[in-house]
Amino acid sequence: MAITSTARRAASVAAVLAGLAASAVPAHAATADTSLCERLCVLDARTGAHPDYDRVVLDLTNNAPLPTVHTRVSSDPTYHLDAADEDRKLQITGKSYLFIDIAPVDDRGTYTSPAVQAVSLPSLKGVQLAHAGGFELDHTTTFGLTLGDYTQYKVSTLTAPNRVVVDIYH
């Protein structure tokens with residue numbers, strides 16, 4: 001039986017796609033231990049590029065209501081650890097910094113690694129776990145986003161699965 005040109009093209013496309021899938025860099029595994037989560041835990045932090053914005057997604061456990069999210073923009077990469085009464089700086093330099101506070105979270109099962117993710121997107125340059133707080137920090141986890149040029153950002157909480165989404169517009 002002769003193979004048609006359509007079948008040959010389909011086979012070629014399938015081979016190319018299989019090669020791309022085999023060479024793709026695997027995403028890092030979430031390091032949170034959900035068995036330790038009595039409340040909400042942050043499971044993972046991931047980034048992505050879109051035509052008009054860069055996106056950060058913070059994946060959450062589904063066993064608790066959505067958290068309260070507070071943000072603040074600063075030209076200074078310094079953040080304060082209340083319990084330790086000390087200042088620290090985000091490790092990736094940028095033009096400005098967006099801090100995202102998520103509460104309440106359970107620090108025993110919350111995401112911790114990689115603590116710093118450098119990215120090379122138009123508006124987003126890095127994501128850093130600034131601190132995961134326990135009792136002393138009012139059960140708040142803070143992420144610091146290092147920004148390049150940007151015009152504005154939007155924060156949303158979504159369900160099924162639970163997550164916090166931050167869009168930084170170009």
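**A first look at this predicted model**

Q: Is Ala 160 buried or exposed?
A: Ala 160 has a relative accessible area of 71%. Residues count as buried under 20% relative accessible area, as exposed over 50%, and as partly exposed in between (1.4 Å probe, protein chains only). Because of its 71%, Ala 160 is exposed.

Q: How many helices and strands are there in the protein chain?
A: This is a predicted model, so local features need pLDDT of at least 70 and side-chain atom pairs count only at pLDDT 80 or more, while totals for chains, interfaces and linings use all residues. Residues are numbered from 1 along each chain as its sequence is written, and side-chain values use heavy atoms, with hydrogens and water left out. Helices (H or I, at least four residues) and strands (E, at least two) are DSSP runs, numbered from the N terminus. From that end the elements run α-β-β-β-β-β-β-β-β-β-β-β, giving one helix and eleven strands.

Q: What is the phi of Ala 160?
A: Let's go back to Ala 160, which sits in the loop between β10 and β11. Most residues other than glycine have a negative phi. Ala 160 is not a glycine, yet its phi is positive, at about 55°.

Q: What is omega for the cis bond from Ala 103 to Pro 104?
A: Here the setting is the loop between β6 (96-103) and β7 (116-118), where Pro 104 is found. The bond from Ala 103 to Pro 104 is cis, with omega near -10°.

Q: In what order do the strands of the four-stranded open sheet run?
A: Strands of a sheet pair through backbone hydrogen bonds, either parallel or antiparallel; the rule used here asks for at least two DSSP bridges between two strands. In this sheet the pairing is antiparallel, and the order is β1-β2-β11-β10.

Q: Which strands stand at the edges of that four-stranded sheet?
A: An edge strand here pairs on one side only. Inside the sheet, β1 and strand β2 (residues 53-60) pair in the antiparallel sense over seven bridges. The edge strands are β1 (42-49) and β10.

Q: With which side chain does the side chain of Arg 55 make a polar contact?
A: Arg 55 is found in strand β2, where Arg 55 is the bridge partner of Gly 48, and its 25% relative accessibility makes it partly exposed. Leaving out residues up to four places away in sequence, Arg 55 has contacts (heavy atoms within 4.5 Å) with residues including Arg 46, His 50 and Val 165. A polar contact is a pair of N or O atoms within 3.5 Å; within protein, one must be able to donate a hydrogen and the other to accept it, and residues adjacent in sequence count only if both atoms are side-chain atoms. At 2.6 Å, the partner side chain is that of Asp 167.

Q: Which residues have the most contacts inside the largest nonpolar core?
A: A nonpolar core is a set of buried Ala, Val, Leu, Ile, Met, Phe, Trp, Tyr and Cys residues joined through side-chain atoms within 4.5 Å. The largest core has 23 residues, and β1, β2, β6, β8 (124-132), β9 (141-147) and β11 each give two or more of them. The residues with the most contacts inside this core are Leu 124, Phe 143 and Leu 145.
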